[in-house]
Every structure is written in C-alpha cells, then in structure tokens.
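Dear colleague,

Please find below the sequence and structure that I am handing over to you.

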Amino acid sequence: MPLSEQFAEHLASGATSVCRCWALERQDGTVQGFTDHDTDLSFEGIVFRADTGLTARALQQTTGLSVDNTEAVGALSDASLTEDDILAGRYDGADVRAWLVNWARVEDRLLQFRGTIGEVTRSGGAFQAELRGLTEALNQPQGRIYQKPCSAVLGDGLCRFNLDQPGYFTERAAETVEDGRVFAFDEMPGFDDRWFERGTLKVLTGRAAGLIGVVKNDRATGLARRVELWEALPQAVETGDMIRIEAGCDKRVETCRLKFQNFLNFRGFPHIPGEDWLASYPTRSAGAPQDGGRLTSNRDFTSDNPLLQS
C-alpha cells in the first residue's frame, strides 16, 4: 500500500499518533498479529495484540540487491510466542509484514517491510528473531546441478511420485518412543527391511503435530520394527499420537527404477563419467573400455625384459 496523501500530511505535522504492527504467517497457516501500541488494533482481517511485548529494532533498507534486515525482540509467553513453538521450528521461514500505522485511523498505514524469519535466539524468557527481506532469496543457489544422484526430493513437483500409493507409507499410533528419536513397533508387516531409510516420519496429532524427522535406520525383526531418526524431534511424541512414515529414496537410478518405477522422472545424470576421465587416453586394445575407470597397460613386459623370459 503506497503512502497516502493524508498519512503523509499527518507524518509531516510533527504531532503524530503512529505505532508499528507486525503480522506473522507460519508455514502451517497460523496468522498472528502484534503491535507496540497500548491497545489492540485490527485491519486486513488480523487482530494486532498489544500485550505481547514485541518490539522491533531499526529497519535497514537499501537500494539495489542488498538484503534488507531488521530484528524483532519480545517476551515469550503462552499467549503469544511460546518457547515450545520456537524450539519446534514452527516459526522457521514464517512470512513477516511490518507496517507503520496511525493508531487513531488504521486506514492510514504504510507497509515498511516484508520478508521471512531467519535465525531465532532465546535467553532469559525472551527471544530475538532475525527478519530477512525479500532479496534474501537471491542468495540461494539457482539452476540444476550435473551429478549422478537424483536432485529431486521424493514426491515433489520434479519427482512426481505419489507417496499416497499403498505400500509406500503407513499411518499408525506411536507405541514406544525413546529419546524422541527411536520409534519401536510390535508389529508392522508388509514392508521390507530398511524400506523407510532416508524417508520421513511426520507427526499427525498431539503436541508435536506437524513436525517432521528424517529416518536414519529402519530395521525389521520378524513382525517387529525399529525406526530411528537422525535427530530427536524438538517436541515429545506421546504414546498414541498418530504418525506417518514414508518410504525412503537414496537417489540412485537403480532405486528409482526398481523401488518406485519412476525412472522417467529421474533427475540425475547416471552416465556422467568419473573425474579421472579427464586424464584418460586411448588404448591400443580393441574393445577396451573408455569409461574413466582404472587404466591398465597393454604392454607385454615379459617380451621386453629378457630377465623375465624363461
């Protein structure tokens, strides 16, 4: 929203009634509003609460491709931002908008910042969140990488594999959970040993709902099964919470073809020669491989060296 003439006149008057408002939209769709005014404000369908203690430091904005940044500082509380939610990563990458608002007439406002939440630190019952501008995305690598393994993520728009097919996922209640990292089940038939390695475990219900872990080990012993994650989930999964475990992919062309029957969507380059291919040279032997593998000599040292002749 551009700066209106009426708001510009108000700011130029020297006696202003302005405050700042922030709106956070998490990746799970939750929207929260905050303001440093002493009463709640409302606009764009969002209620901006005044009892959160949230403040923001000076906004640094530049022209060109430099990254805009600022920081939000506030107190942790059950009514606004909780420590459990921050530890669980629910605010990672959340969309942030910040306005300068005339609290006496909220129609007069100016959008000053839009970006995402970056690094969040906690200490002494408070938090400090880095806010990154829209140009931060320009720092991310672009384009494809030429490599033998597949560069797609299983089930994404490039892979196109449907993980909802029978045999590639299971949804069940958690039984035994150790250290938030190891999930043991008395019975889980129908899946080969190590079927879920490199796959994902998603929590569907309970306090940890929405959290995702990557499977490190998957071992089947008879009907029993033990699934281990690389890292413990930041919030505890209780017995009875529903979880979903999806099949894993090691990015190899053989796995794509045999396990998922999805070779047409394979995003790697399996026939790229090895690095030593650059140093290889033609050989005199007919039919010798030219694939960058280990080179062997075609010379008969026995006939050249009389000491080796019988």
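The charged end of Arg244 lies over the ring of Phe169, 4.2 Å from its centre; sitting over a ring requires CZ of Arg or NZ of Lys within 6 Å of the ring centre and within 35 degrees of the ring normal. Arg172 has its charged end over the ring of Phe185, at 5.9 Å from the centre.

Please note that this is a predicted model, in which local features need pLDDT of at least 70 and side-chain atom pairs pLDDT 80 or more, while totals for chains, interfaces and linings use all residues. Residues are numbered from 1 along each chain as its sequence is written, and side-chain values use heavy atoms, leaving out hydrogens and water.

The structure holds 10 aromatic pairs (rings of Phe, Tyr and Trp, the last by its six-membered ring, with centres within 6.5 Å; stacked under 30 degrees between planes, edge-to-face over 60, the rest tilted). Phe161 and Phe260 are edge-to-face, because their ring centres are 5.0 Å apart and their planes stand at 80°. Tyr168 and Phe260 have centres 5.6 Å apart and planes at 25°, so this pair is stacked. Phe161 and Phe260 are both buried, as is Tyr168 (under 20% relative accessible area, 1.4 Å probe, protein chains only).

Yours sincerely

Technical notes. Buried < 20%, exposed > 50% of the residue type's maximum accessible area, 1.4 Å probe, protein only.
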